[in-house]
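Dear colleague,

Please find below the structure that I am handing over to you.

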Amino acid sequence: MTEDEAKTWLKANFDVPRETWARLDGYVQMLLAEMDQQNLIAESTREHVWSRHIVDSAQLMKLDGTANEGLWIDLGSGAGLPAIVVAILSERPVLMIESRRKRIDFLNRLVGELSLNNADVYGGRVESAPASEAAVISARAYAPLDRLLSSALHLSTDKSLWILPKGRNAQIELEAARSSWQGVFHVERSITDPESAIIIARSVAPRGKKGRK
Ligand SMILES: C[S@@+](CC[C@H](N)C(=O)[O-])C[C@H]1O[C@@H](n2cnc3c(N)ncnc32)[C@H](O)[C@@H]1O
């Protein structure tokens, strides 16, 4: 997907009025500028931010069956991916969880400068974030599936939808996690990288336990 194709895809798949487009553009500019201060995205993707990061994040919203309602929690948000894209393209509340100080500061700056009234940052570890009842939980390049689910179970309910871009190891990670986790899992192909996949999960619980909230 070229950068032009990425922008065309966004316009075809989302309502993108001028103000929303200006926010996306502003985010890309701030992300690239911040790369002089900290390493937020792979150097090789600097010239491909719209396809490799913005569309890569936005595609997750297309897999969300929650009617765009309820809290979206993003684990290990780092550069703000996918959370900032979700917060710009929707009005739903978005909570970013990130533990590294410099990244927390950058995320707070994004929220302020892009006037994202629906977005918030928890600066700390996922494991110590206050219990919540997320409608959606996302995590991009955060942790292997088993550790990811263990660290964030307290942020979910039985109804939470987990949307987890997993690169090329999706199927392997899923098989490895199945011995410890039950739930309804399936894998979707990424539109930005045909070899990458996204794990979608519902009704997630540690194997052998019943009666989640
Ligand atoms: C590889 S980066 C990915 C960032 C972003 N999701 C993206 O796709 O560009 C992983 C991020 O997760 C954060 N992280 C790792 N473990 C964490 C934890 N237990 N709690 C909160 N943040 C964590 C790291 O500080 C880092 O910013």
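The buried residues of helix α5 are covered by elements that include α2, α4, β2 (94–98) and β3. Here, helices (H or I, at least four residues) and strands (E, at least two) are DSSP runs, numbered from the N terminus. A residue is called buried if 20 or more other C-beta atoms lie within 10 Å of its own, exposed if 12 or fewer do, and partly exposed in between, with C-beta atoms placed from the backbone.

This is a predicted model, in which local features need a pLDDT of at least 70 and side-chain atom pairs count only at pLDDT 80 or more, while totals for chains, interfaces and linings use all residues. Residues are numbered from 1 along each chain as its sequence is written. The pLDDT is the predictor's confidence in each residue, from 0 to 100; the chain averages 95, and 97% of the residues score at least 70. For the complex, the predictor gives an ipTM of 0.99 and a pTM of 0.96.

To return to α5, the buried residues in this helix are Arg103, Phe106, Leu107, Leu110 and Val111. They lie on the same side of α5, because they cover an arc of only 140° around the axis. The arc is that of the directions from the helix axis to the C-beta atoms. On the other side of α5, Arg101, Lys102, Gly112 and Glu113 are exposed. Just after this helix, Ser115 takes a positive phi of about 50°.

Helix α2 (residues 18–34) can be read in a similar way. The expected span of a helix is 1.5 Å times one less than its number of residues. For the 17 residues of α2 this gives 24 Å, and the end C-alpha atoms are 24 Å apart, which agrees. Which residues of α2 are buried? They are Arg23, Leu24, Tyr27, Leu31 and Glu34. Their arc around the axis is only 100°, which puts them on the same side of α2. An α-helix has 3.6 residues a turn, so residues three or four places apart point the same way. The buried residues of α2 pack against α3 (49–61), α4 (83–89) and α5 (101–113), whereas the face turned away from them carries the exposed residues Arg18, Ala22, Gln29 and Ala33.

The UniProt record, an unreviewed entry, lists Gly76, Leu81, Val126, Glu127 and Arg140 under "binding site". UniProt positions are given in the numbering used here, feature names are shortened, and annotations may be inferred rather than shown by experiment. Is Leu81 buried or exposed? Leu81 is buried, because 27 other C-beta atoms lie within 10 Å. This residue sits in the loop between β1 (72–75) and α4. Leaving aside neighbours within four places in sequence, Leu81 is in contact (C-beta atoms, placed from the backbone, within 7 Å) with His53, Ser57 and Arg140. Glu127, in the loop between β3 (119–123) and β4 (136–139), counts as partly exposed, with 13 C-beta neighbours inside 10 Å.

Ser57 lies in helix α3 and counts as buried, with 24 C-beta neighbours inside 10 Å. The C-alpha atoms of Ser57 and Pro165 are separated by 8.8 Å, although the two are 108 residues apart along the chain.

Kind regards

Methods:
Two residues are in contact if their C-beta atoms, placed from the backbone, lie within 7 Å.
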